[in-house]
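Student: Please take one part of this model and go through it closely. I want the packing, with the cut-offs stated.

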Amino acid sequence: MPVEHLVLITGAGASRNLSSSRAPMPLMADWNEALRKALEEQDLSLSSMVGIHRGQTGPDFEKAIGDFLTWQRLLDLSARFLPLGMEVLIDSSSEDWRLRADARARTVTTVLRRSLYDQFGKDRISTAGATTAYGSLFEALDQVSGGSLAIATTNYDPAIEIALAELRMRPTIGEVNGPGGLNFLDPENLIGTSRAGHFTPVLHLHGKVGWYTQDDGSVQIQPPHHLYNETAGTPTVLWPDPEKDPTIEPGIQRLWEQFDIALGQATHVLVIGHSLHDPILVNRIRRGASGARVAVAVFAVEDSDMATRVLPEAKKVGIDFGPTPELNHIREWSGES
């Protein structure tokens, strides 16, 4: 079966070796350490209060962030019922607690958002490394033979767009011109219009550095190399959280709708650098790509074990992805009849 309609899905592992510095691009465990240090610079006890501890695994880090965000959303409700846990009710004690908790929550949120931009901004990506890695991958897949390509990524970084632009593959993320010379996200019919215009659609399923949700729900797009801008809006991302829900961000939800369309058209689906600790993503692949040939590129034995558990029908192919990629198994998979 030729690679006629390919959906490429990338996770943090795909960007791991594409860093512009000696330090690799972060996985969740690395982000855990960076965030822990940043929180401790504000208050030595703040990271432990949030549940961010030294040496935490990626899944534990995601659970800690998810628990914090859930608590923050329920802060006012928690303060309302705080007197139920007091032996003696003191006037204004619940309000004092709420004010202290809210102040600390705001500090954590600001540090988290700045850390997002520090860890995944455009300057972290090596243009040459990304171009070589993805150029070699598309050559191995023979993706220049006239078939369609759609890319879905759970990464916040712009590595894939950087590579596609260098390869003259015309990446598009659904960016449109808006009032006042500003750019906004509008992924409506992105898959269809990309194919008609010979663009390569890139769906950032967890949002992206440089995206900010406005009060009216629109998503403003700023350059990904800019630092975090507290006045631009709320970062449009799905934060690390095992219970993450794409529907809480309307702009992101629309990207998932386009993802479903791409999966429904796919003859081949290739997953690179994703831990698959994401039930929503796995279920979408299972449901939407039932007629496609699916492969998961694995970097280590534990990656293969996880893929076997959650996508047993997928083929596991070994890969070394980066500036000096080893892609022989990908060539074999794409060339199978």
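**Helix α11 and its neighbour**

Tutor: The axes of helix α10 (residues 250-265) and α11 cross at roughly 35° and come within 9 Å. Axes here are lines fitted to C-alpha atoms, for helices over the stretch in contact, with angles from 0 to 180 degrees between N-to-C directions. Helices are DSSP runs (H or I, at least four residues), numbered from the N terminus. The model is predicted: local features need pLDDT of at least 70, side-chain atom pairs count only at pLDDT 80 or more, and totals for chains, interfaces and linings use all residues. Residues are numbered from 1 along each chain as its sequence is written, and side-chain values use heavy atoms, leaving out hydrogens and water.

Now the contact itself. From α10, the residues are W256, F259, D260, L263 and G264. They meet I280, L281, R284, I285, R287 and G288 in α11. Contact means heavy atoms within 4.5 Å. By class, this contact has 6 nonpolar, 2 polar and 3 charged residues. Nonpolar covers Ala, Val, Leu, Ile, Met, Phe, Trp, Tyr, Cys and Pro; charged covers Asp, Glu, Lys and Arg; the others, Gly among them, are polar.

Next, burial. Helix α11 spans residues 279-288, and its buried residues are L281, V282, R284 and I285. Seen down the axis of α11, they fall within an arc of 160°, so they line one face of the helix. The arc is that of the directions from the helix axis to the C-beta atoms. Buried means under 20% relative accessible area (1.4 Å probe, protein chains only). Across the protein, buried residues make up 50% of the 337 residues.

Note on methods. Helices (H or I, at least four residues) and strands (E, at least two) are DSSP runs, numbered from the N terminus.
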